[in-house]
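Me: Could you walk me through a few of the labels used for this protein? I'd like to see what stands behind each one.

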Amino acid sequence: MIEEARHENATAPPRAAVGFLRGLSGKLLLLTVAFVMLAEVLIFVPSVANMRIRWLEDRLNTVAAAAVVVDGLQNIELPRAVQRETLMATGTKAIVIRRKDASRMIASVDMPPQVDGEYDIANLTALGAVRDAFDTLLFGGHRIMRVYGPLGESDATIELVMKDAGLRKAMLVYSRNVFLLSIVISLITASLIFLAINRMLILPIRRLTTSMQEFSGEPSNPERILVPPEGGDELAVAGQHLASMQRELQRTLKQQKSLAELGLAVSKINHDMRNILSSAQLISDRLADVDDPVVKRFAPTLLRTIDRAVGYTQEVLSYGRTAEAEPRRRFVALRPLVDDVSELLAIDGQSGIEFQNQVRDDVMVDADSEQLFRVIHNICRNAVEALANHEPEDGRGRAICVSAVRTGSVVTISIDDTGPGMPARARENLFAAFRGSARSGGTGLGLAIARELVLAHGGTIALVEKPTPGTLFRIELPDRPVRLDAFRAKGRS
């Protein structure tokens, strides 16, 4: 059940477009509003503390203006009615002017029995101002506070005793105004940022997503390929790469479709071809009994060729279906194998093409002889086709040279020709089926098959640059590693 659920999830179609708030646009808008509000909160904390200090300073300055006038009237005490009106006008309970040598009570009516807090406006710290502001805002309204500060430019100090109800009311009004203003600013800012980012990021991303969804639904339709946007920013580059990937994928799908159709056609032909070759094999077996010397000379080659053809018909579909069969490796002499390649090529003596087998008799290679034959034959056949219509400009003859050398446990096989060389287009798609052909009408399967067979042996095949015209392929095949127990068993025997 779990595996079935996983399979259903893996093959489920992409989700449809999500809602605004669940989409990237809605999340971006909400995050922008939240971040702007957070910024406003960070701004509000010091601003409400400054507002409280300014409110107290204004009250001290107002009281100080009246107190200076009264203080100028020496030895005169204000009537109780005047004191009460003065205190009501300033919202205080008592007003005192303090000097170094004396203090004077300017006005005092209904003096409270205790004071809940004292605040020196001149010596407030930033942290203390913030703490006092939130203390008043959250818990104030019914407390008595003593506030004092310098009296103008003199050395006197003005001091007043008052309730904090008026201060807290003013702070609440200020906080409400700041909150409403923050909401308006955050919405305006978030809208502007949203519109800008939506145009610059969200819409291009949505366009890329839509293109991918449409292309996945109909990948063979050329109209589904994204038209890449112009520009050099990251999204433009991503769009250009996406369009390139879609074009490449579409070409690959066409090639896979061609391979499937080719496999179907080859399977039909292969069925009848195998029957024909089987009949030819039976007839060619009788040639061995003919006493004609010419027949006896060519009969072995003909038999080997037909045997290989029958074997190829058995494995012709393996390249497109899965992979080549595992190589059945053993040590074989390389020179006779190259001679077989030369015989199968059947180079016309009048063509002027010379096949040179420069492999020494003692060179042994650890490989599947049939698969190695196919590798060398495919490369040499390409060389013959390249040399057929080519005349070397330097006066050299048209030749194909196969040589080999063993270095330790690695055999290096070189296949060199004096042809025109590999075209640039073929170099770019070397070893790629249906794209790496060097001639018009070719499939490029020969080199693709050769590379697959060499890799199955744990070796490498490469096109080597050389100073003279022509093409040089180098194949390196390592011997299989010998297990220690097998080596010891061989030594005991």
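Predicted model: local features only at pLDDT ≥ 70, side-chain atom pairs only at ≥ 80, totals over all residues.

Me: Why is His-457 called buried?

Reply: Buried means under 20% relative accessible area, exposed over 50%, and partly exposed in between (1.4 Å probe, protein chains only). His-457 has 5% relative accessibility, so it counts as buried.

Me: Which backbone atoms lie 3.0 Å or 2.9 Å from a polar atom of the side chain of His-457, and what makes a polar contact?

Reply: They are the backbone nitrogen of Asp-368, at 3.0 Å, and the backbone oxygen of Leu-453, at 2.9 Å. A polar contact is a pair of N or O atoms within 3.5 Å; within protein, one must be able to donate a hydrogen and the other to accept it, and residues adjacent in sequence count only if both atoms are side-chain atoms.

Me: What makes a nonpolar core, and which residues touch the most other members of the largest one?

Reply: A nonpolar core is a set of buried Ala, Val, Leu, Ile, Met, Phe, Trp, Tyr and Cys residues joined through side-chain atoms within 4.5 Å. The largest has 40 residues, and Leu-334, Leu-372, Ile-376, Cys-380, Ile-413 and Ile-475 touch the most other members. Apart from it lies another core, of 32 residues, including Met-51 and Leu-160.

Methods
Residues numbered from 1 in each chain as written. Heavy atoms only, no water.
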